[in-house]
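Please read the points below beside the sequence and the model. They are meant as a colleague's note on what the coordinates show.

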Amino acid sequence: MPDTVYRNALFFDGTGSHPVISDIAVSGGRIAAIGPSLDWDENATQVDCTGLWLMPGMLDIHTHLDLELELSPELPEVVRHGTTTVVIGNCSIGITYGHQRSAGEDPVVDCFARVENMPKPVLARVADACTWTDSQGYLDHLSSLPLGANIVPLIPHSMLRIAVMGLQQSITRPPTKRERAQMERLVDAGMAQGYAGFSTDALPFHFLANNPHKKRKIPTQYASYRELAQLTNVVRRYGRVWQATPPKDDIIEAVRTFLLTSGRLFGRPLRTTVLAAIDLWTNRAAVRMCLTLSAILNSRLLDGMFRFQVLSGTFRIWSDGAINPIADEIPELRALNELELDDRAGRLRILDDPQWIASFRAMWLKGRTGWSIARLRRLLRLEDTVLTRRLADMKVAECPLPLWQGETLQYPYHRLRQWQATKGRHGAVNAEEAAFFTTFPNPIEDDAAFFIHLLRQWDTDPRWETTFANRDPVTLKKLLFNPHTLPGFNDSGAHLANIAFYDGNLRTLKIAQPDGPRQVAIAVHRLTGLPAGFFNLNTGVLKVGAQADLCVIDPDALRRWDPEKTYEFVHRSALGCRQVINRPPGVVRHVVVAGRTAWTDGAYTRDFGQTAFGRVMRAKDHPDERTTPHARSPDYADKVSATG
């Protein structure tokens with residue numbers, strides 16, 4: 001007898017098949033029946049879904065929720081957005097091997113604070129609780145938590161290197177042959193325990209956060225090709241996933257590294273998913289390069305299984321003064337970012353240093369004037385940097401001068417120039433702005449001088465937002481539905497006062513919605529059955545016997561939702577800090593995890609966060625998963641994506 005029957009829903013099963021009007025019965029945590037007008041005992045809870053979409057709970061395949069799980073294991077922001085399964089341990093960092101503290105070093109804080117822009121006090125609280133020391137202990141620990149969603153862990157390479165070599169040694173010398181063998185054994189142990197894969201990182205702006213290592217990158221960045229090949233060969237043997245990021249400034253090294261996906265060269269394809277195919281404002285060629293590389297690697301010639309991940313919306317970041325998630329890309333900003341957040345005096349010393357000023361000005365003004373290769377690359381949007389250097393792209397969110405809020409910095413800069421040119425007769429909006437204008441050098445030389453002066457005066461107090469990628473909705477849509485990509489670069493749980501795109505899956509549904517139910521079915525598949533198949537997980541498809549992870553979407557609320565207008569900053573008491581979120585009103589009506597309702601009509605259920613709803617989800621060929629009815633095979637999922 002079913003516990004709950006969902007009536008008259010437009011049902012998307014996760015395979016990409018065309019939706020149908022159907023009832024879905026849930027019993028004992030599983031799907032008991034699917035079909036029109038099911039006849040069940042009146043004691044079963046009836047949920048009327050007329051006019052609503054019912055689909056599998058969605059997957060978030062790139063998160064940094066490892067830390068939030070220790071403070072708020074129910075993952076409330078994840079669940080309320082219709083996501084029921086999340087992948088953790090991405091970008092080579094995590095807490096798989098506990099706190100790993102030794103000889104005064106604090107690797108969890110060191111690795112996460114700058115890479116994922118998380119407050120050190122929050123990280124220290126998490127590290128204090130990480131008492132296990134190995135990958136099996138971590139699985140046991142996760143299984144003891146009142147999880148809100150299913151958790152899929154990866155083995156993180158930086159923490160693996162630290163476990164074998166120690167932090168100091170992992171960033172200053174190559175591993176010995178014996179140490180590489182020990183890393184290989186630990187990866188093998190993780191795969192045998194059911195970990196879904198292994199993560200590395202090569203982005204050149206991921207640095208450590210504690211002295212004396214602030215000028216060093218995280219440990220994975222010091223691995224040789226030989227080390228990567230040795231460790232990913234274990235992953236290949238188990239048929240698991242390698243999650244990676246490219247060395248973005250070295251295309252030759254990127255190609256060489258990602259050839260590891262090739263079944264033709266290595267006997268069996270290595271499932272590889274990489275960050276990220278995004279439409280950069282500063283470099284419009286980046287997307288074409290990503291898609292071309294994917295097509296080559298996935299060709300019959302190389303026989304790879306390679307997917308770039310795609311962010312489902314505009315890539316908007318907030319900067320606190322000069323501090324933001326990609327500031328470390330630029331050496332001049334990195335010098336400011338290396339200091340502790342409360343070290344205002346230290347940043348002021350840098351901002352007053354003539355040598356730093358000259359270097360900053362050269363960086364800021366590069367390609368802005370005259371005729372040069374840099375100028376041509378800027379005009380053609382083919383620059384090397386990700387960060388934009390235009391005041392017109394920097395919209396003020398918070399500021400000591402409230403009248404600037406909502407403006408781009410270009411407007412006060414122009415008013416300052418007018419105020420100076422007219423000797424104070426015109427330009428300033430009010431006396432408060434005029435008083436601030438008196439602090440600037442007169443005449444102001446250019447917008448580089450303007451920006452430096454703002455940092456001197458206000459340090460990290462002003463907060464502005466910049467959209468540096470995915471500005472064009474047409475290009476974004478093509479990326480999301482390209483057969484060589486996976487939606488899923490959401491970074492949920494990272495950059496707590498920044499990014500955190502918990503709403504990414506819903507954005508993909510919204511993008512598909514105007515094209516009708518068939519396109520929505522493809523979108524649902526790309527958010528459920530396809531990533532579940534790629535990661536070898538028992539989820540993502542709703543059929544009789546499957547675990548009942550599902551969500552109900554209100555398509556009218558989805559149509560009305562404007563994702564660019566629902567950002568807000570909230571204080572998360574569990575985390576002890578402020579976080580940026582984006583909660584679409586009324587879009588997600590119900591969320592069910594393993595047959596239990598976690599979210600319904602705008603509220604969490606009473607026992608959510610008190611008892612476990614989700615579970616630790618291992619790769620589906622693991623013995624603990626074999627008793628769970630399988631979703632469709634990954635080969636089927638790939639075929640649907642390629643043809644759909």
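Which residues of α21 are buried?

1. Helix α21. The buried residues of α21 are Gly504, Asn505, Leu506, Arg507, Thr508, Leu509, Lys510 and Ala512. Buried stands for a relative accessible area under 20%, exposed for over 50%, and partly exposed for values in between (1.4 Å probe, protein chains only). Helices (H or I, at least four residues) and strands (E, at least two) are DSSP runs, numbered from the N terminus.

2. Basis of the note. This is a predicted model, in which local features need pLDDT of at least 70 and side-chain atom pairs count only at pLDDT 80 or more, while totals for chains, interfaces and linings use all residues. Residues are numbered from 1 along each chain as its sequence is written, and side-chain values use heavy atoms, with hydrogens and water left out.

3. Confidence. The predictor's confidence in each residue is given as pLDDT, from 0 to 100. The protein chain has a mean pLDDT of 93, and 97% of its residues reach 70 or more. Over residues 629–644 pLDDT stays under 50; for this stretch the model has 41 contacts beyond four places in sequence. A contact means heavy atoms within 4.5 Å.

4. Overall build. There are 25 helices and 25 strands in the protein chain. Its radius of gyration is 25 Å, close to the 26 Å that the globule rule gives for 644 residues, so the chain is as compact as a globular protein of that length. The radius is taken over C-alpha atoms, and the rule is 2.2 Å times the number of residues to the power 0.38. Along the principal axes, the C-alpha atoms fill a box of roughly 85 × 60 × 50 Å. Of the 644 residues, 62% are buried. Among contacts with a separation of 6 or more, 74% are between residues 24 or more positions apart.

5. Aromatic pairs. The structure holds 27 aromatic pairs. One of them, Trp318 with Tyr567, is edge-to-face, at 5.3 Å centre to centre and 70° between the planes. Trp318 lies in strand β15 (residues 315–320) and Tyr567 in strand β21 (residues 567–572), so this pair ties together parts that are 249 residues apart in sequence. Trp318 is buried at 2% relative accessibility, and Tyr567 is buried at 15%. Rings of Phe, Tyr and Trp (its six-membered ring) pair if their centres lie within 6.5 Å; planes under 30 degrees apart count as stacked, over 60 as edge-to-face and the rest as tilted.

6. One aromatic cluster is formed by Trp404, Tyr413, Trp419, Phe436, Phe437, Phe440, Phe450 and Trp458. Pro412 sits in helix α17 (residues 410–421) and is buried, at 0% relative accessibility. Neighbours within four places in sequence aside, Pro412 is in contact with Trp404, Glu407, Glu433, Phe437 and Phe450. Between the C-alpha atoms of Pro412 and Asp188 there are 58 Å, with 224 residues separating the two along the chain.

7. Charges over rings. Arg256 lies over the face of Tyr225, 4.0 Å from the ring centre. The charged end of Arg596 sits over the ring of Phe613, also at 4.0 Å from its centre. The criterion is NZ of Lys or CZ of Arg within 6 Å of the ring centre and within 35 degrees of the ring normal.

8. The loop between β8 and α3. Ser92 is in the loop between β8 (83–88) and α3 (107–115), and is buried at 0% relative accessible area. Beyond its neighbours within four places in sequence, its contacts include Pro156, His157, Ser199 and Asp201. Ala103 is in the loop between β8 and α3, but is exposed, at 78%.

9. Backbone to check. Most residues other than glycine have a negative phi, and most peptide bonds are trans. Ala103 has a positive phi of about 50°; for Asp601, in the loop between β24 (596–600) and β25 (603–604), phi is positive at about 45°. A cis peptide bond joins Asn211 and Pro212, with omega about 5°. The bond from Leu275 to Ala276 is cis, with omega near -15°; Ala276 is in the loop between β13 (271–274) and α12 (285–297).
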